[in-house]
Amino acid sequence: NFDVLKLLFSNRIILVEGTTEEMLINTFLAKSNELNNIDVLSIGQKGFKIFLNLWIILNSESDKKIGIIRDYDNQENAKAEHSNYDNAKTIFVRTTENYTLEDDLVKTSNNCKAIADFFTLNNEEAEVINFLKDRKANNMLELCYGIQDKKVNIELPIHIEQILEAIRK
């Protein structure tokens, strides 16, 4: 399993819930030469604790770093459980402020207008969020192509920026 190998051999790795987070983060990583040594692994909602426990066993004495980026999903208990792993040195856990990545992405800075213009939508937050959630992977892939081709300029939500900054150091 290549996912397990990535976990075993990466010096800097970010675990995310889904494909959309993986695509978006990899798009931003590709734009920055200084961040090209970070692996991103999509593991789904239920795998964080399993992967983290394994990572801790293997790396408790190393300077390797792991970041966890998760959706809030109105799950306060899961957020607290995952946050307990954060040691601010080698393990960093961040959660969306809103329900999912798409909510936070659209609500960050001027992203709503930039995404609306790119997809020719009305500049209404709810419409842009719903559009991104509909056909999630396809719409995120198209947005990532737009970012790569410099047809749309957006900022990452703060929870992702915080993980990248922590992993970068």
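## Contacts of Cys-144

Contact here means heavy atoms within 4.5 Å. In this predicted model, Cys-144 touches Met-23, Leu-24 and Thr-27, not counting residues up to four places away in sequence. Cys-144 lies in helix H8. It is buried, because its relative accessible area is 3% and buried means under 20%. Between Cys-144 and Phe-28 the C-alpha to C-alpha distance is 8.7 Å, although 116 residues separate the two in sequence.

## Helix H2 against helix H8

Met-23, Leu-24 and Thr-27 are among the residues of H2 that meet H8. The axes of helix H2 (residues 19–31) and helix H8 (residues 136–148) come within 9 Å, crossing at roughly 10°. H2 is therefore roughly parallel to H8, since angles under 35 degrees count as roughly parallel.

On the H2 side, the contact involves Thr-20, Met-23, Leu-24, Thr-27, Phe-28 and Lys-31.

## Helix H6 against helix H8

Helix H8 also has a contact with helix H6 (residues 111–119). The axes of H6 and H8 come within 11 Å and cross at roughly 100°. The two helices are therefore roughly perpendicular to each other, because angles of 65 to 115 degrees fall in that class. Ile-115, Phe-118 and Phe-119 of H6 make the contact with Asn-139, Glu-142, Leu-143 and Gly-146 of H8. The residues of the contact of H6 with H8 are 4 nonpolar, 2 polar and 1 charged.

Asn-139, one of the H8 residues in this contact, is buried, with a relative accessible area of 3%. Not counting residues up to four places away in sequence, Asn-139 touches Phe-119, Phe-131, Leu-132 and Asp-134. Phe-119 is also one of the H6 residues that make the contact with H8.

## The parallel sheet

An open sheet of 4 strands is present, with the order S2-S1-S3-S4 and parallel pairing. Strand S2 (39–42) and strand S4 (91–95) stand at the edges. Each has a single partner strand, so one side of each is left without a neighbour in the sheet. From one strand to the next, the twist averages 20°.

Strand S1 (residues 12–16) pairs with S2 in the parallel sense over 4 bridges. In this pair, Leu-15 stands opposite Leu-41 in S2. Strands of a sheet pair through backbone hydrogen bonds, either parallel or antiparallel.

## Helices packed on the sheet

Helix H3 (residues 48–59) packs on the sheet and touches S1, S2, strand S3 (65–70) and S4. The direction of H3 makes about 170° with that of S3.

Helix H9 (residues 158–168) likewise packs on the sheet, where it touches S1, S3 and S4. The direction of H9 makes about 175° with that of S3.

The structure holds 0 disulfides. Cys-112 is in no disulfide, and the nearest cysteine sulfur, that of Cys-144, is 17 Å away. Cys-144 is likewise in no disulfide, the nearest cysteine sulfur being that of Cys-112, at 17 Å. A disulfide would require the two sulfur atoms to be within 2.5 Å.

Cys-112 is buried, with a relative accessible area of 11%, and Cys-144 is buried as well, with a relative accessible area of 3%.

## Positive phi in two loops

Most residues other than glycine have a negative phi. Ala-88, a residue other than glycine, has a positive phi near 60°. Ala-88 is placed in the loop between helix H4 (76–83) and S4. This residue is exposed, because its relative accessible area is 61% and exposed means over 50%.

Lys-150 also has a positive phi, of about 60°, although it is not a glycine. Lys-150 is found in the loop between H8 and H9. With a relative accessible area of 73%, Lys-150 is exposed.

How values were computed
Residues are numbered from 1 along each chain as its sequence is written. This is a predicted model: local features need pLDDT of at least 70, side-chain atom pairs count only at pLDDT 80 or more; totals for chains, interfaces and linings use all residues. Side-chain values use heavy atoms; hydrogens and water are left out. Axes are lines fitted to C-alpha atoms, for helices over the stretch in contact, and angles run from 0 to 180 degrees between N-to-C directions. Angles under 35 degrees count as roughly parallel, over 145 as roughly antiparallel, 65 to 115 as roughly perpendicular and the rest as oblique. Two strands pair if DSSP finds at least two bridges between them. Buried means under 20% relative accessible area, exposed over 50%, partly exposed in between (1.4 Å probe, protein chains only). Ala, Val, Leu, Ile, Met, Phe, Trp, Tyr, Cys and Pro count as nonpolar, Asp, Glu, Lys and Arg as charged, and the others, Gly among them, as polar.
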